[in-house]
Amino acid sequence: MNLGQLAQLRTPAGSAALAAATEVAGGDPLAAAAALRSTGLPADLAAAALTQAELRRRAVGKFGPAAADMFFTRPGLEQATRQVVARRRAERLRTSGVRALADLGCGLGADALAAARTGIRVYGVEADPLTAAIAAANAEATGLAERFTVDQGDATTFDLSRVDGVFCDPARRASGRRVFDPNAYSPPWDFVLSLTERAPRTVVKVAPGLDHALIPPGAEAEWVSVNGDLVEAALWCGEFATVARRATVLREGSPTDGSAAARETVHELASSRVTEAPVGPVRRYVYDPDPAVVRAHLVAELAGELDATLADPTIAYLYADTPTPTPFARCLEITDVLPFSLKRLRALLRERRVGRVEIRKRGSALEPEKLRRDLRLTGDQPASLVLTRVDGAPMVLICRPTTG
């Protein structure tokens, strides 16, 4: 999409085209395009409307029902913060006393819209002209244009004296490819670091794989997962910082369960100390910590809560004698512990009529899908396999879910 197409889609004719596209989107794209053109729509408008209809359909998972009236680009949607994460961050900003927020690199406006919904006045800055125009259109579409305005320009020149809080989400893609070097971010990493010194309350969204060595001194580093998927990390700097490391685990239910919106729960594990989990033998139960806990280096803290130990100091599986309910890990009961041998494992699973396996791994070079094929299972019973190392040796744990 370009600026001209965006403007066209925002006219009454464009709105009608979007409504028609919504009716045919999700099926065969060629048939959908032909159906729209048969109504007399110009080919370029039909194509733009179909693209938006498809993006809106995909965006529901991130933005909920509001996606039906918003505008997107494919890269922008991929990089946009999930609504559940943006809403929680906005609530923390509001609770911390932020009333005017600069969103430097606002993208399509996911975080800015969430902040504006809490009553915060948001000043968005976006370098890309089309993305800036879409963010402004989304502010209007969601009824938040009075609290969220967008300037197209250079985020590094924004006057920070206008706000009492700063949010920065530096672009981590260039020419459509993901950028892993922070110095290649836009705005660049040195500017991001300068924000933490110039603004007393700054939060920076970063990739969850960020090297811990890059965390600014005194900042709170938070890793966030949603339904078990690690989705982002954030650096809460200055007055925002309350601990050194935090793992936030969000569980979001489906809005199709009869409620008007998805239900969600929030669980947090945090620490400012650096500790190590004790090491011991494999025990009856194994815990697979949430990826946010692992990336936040909080496995030792979780071990303390569960009275658990590591079987290998380099592998983040925890072992305990009793199962303890926790939102921070998946617990499985171990039935067998075997040195890894494909032949022996295949024979044992066939003996137990196992035909469906869930495969988890840490510290193993084996590819789960290849192993699944190599096992050639035909039974009707389920099992969970945990591929790991114990004292440096490759092992497989045969498990079943805990009950109760």
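The report below covers cavities, aromatic pairs and charges over rings.

## About the model

This is a predicted model, where local features need pLDDT of at least 70, side-chain atom pairs count only at pLDDT 80 or more, and totals for chains, interfaces and linings use all residues. Residues are numbered from 1 along each chain as its sequence is written, and side-chain values use heavy atoms, with hydrogens and water left out.

## The largest cavity

There are 2 cavities of 30 Å³ or more. A cavity here is a set of points, on a 1 Å grid over the protein atoms alone, where a 1.4 Å probe fits but cannot get out; lining residues have an atom within 4 Å of a point. The largest cavity holds about 50 Å³ of space, a volume being the space filled by probe spheres set on the points.

Among the residues that line the largest cavity are Ala 86, Arg 89, Leu 101, Asp 111 and Phe 167. Two or more lining residues come from each of α6 (83-95), β1 (100-104) and α7 (110-117); helices (H or I, at least four residues) and strands (E, at least two) are DSSP runs, numbered from the N terminus. The biggest contribution to this lining, 4 residues, is from α6.

## The second largest cavity

The second largest cavity has a volume of about 40 Å³. Its lining consists of Val 85, Arg 88, Arg 89, Glu 222, Val 224, Glu 232 and Leu 250. The elements giving two or more of these residues are α6 and β8 (220-226), and α6 provides the largest share, with 3 residues.

## Aromatic pairs

The model has 3 aromatic pairs, meaning rings of Phe, Tyr and Trp (its six-membered ring) with centres within 6.5 Å; planes under 30 degrees apart count as stacked, over 60 as edge-to-face and the rest as tilted. One of them is tilted because the planes of Phe 63 and Phe 72 stand at 55°, with ring centres 5.4 Å apart. Phe 63 is buried at 5% relative accessible area (buried means under 20%, with a 1.4 Å probe and protein chains only), and Phe 72 is buried at 1%.

Tyr 123 and Phe 158 also form a tilted pair, with centres 6.5 Å apart and planes at 45°. This pair links distant parts of the chain, 35 residues apart: Tyr 123 is in strand β2 (residues 121-126), and Phe 158 is in the loop between β3 (148-152) and β4 (165-168).

## Charges over rings

The charged end of Arg 121 sits over the ring of Tyr 123, 4.2 Å from its centre. To count, NZ of Lys or CZ of Arg must be within 6 Å of the ring centre and within 35 degrees of the ring normal.

Terms used: 1 Å grid on protein atoms, 1.4 Å probe; cavity = no way out; pocket = protein on both sides within 12 Å on 5 of 7 lines; lining within 4 Å. Buried < 20%, exposed > 50% of the residue type's maximum accessible area, 1.4 Å probe, protein only.
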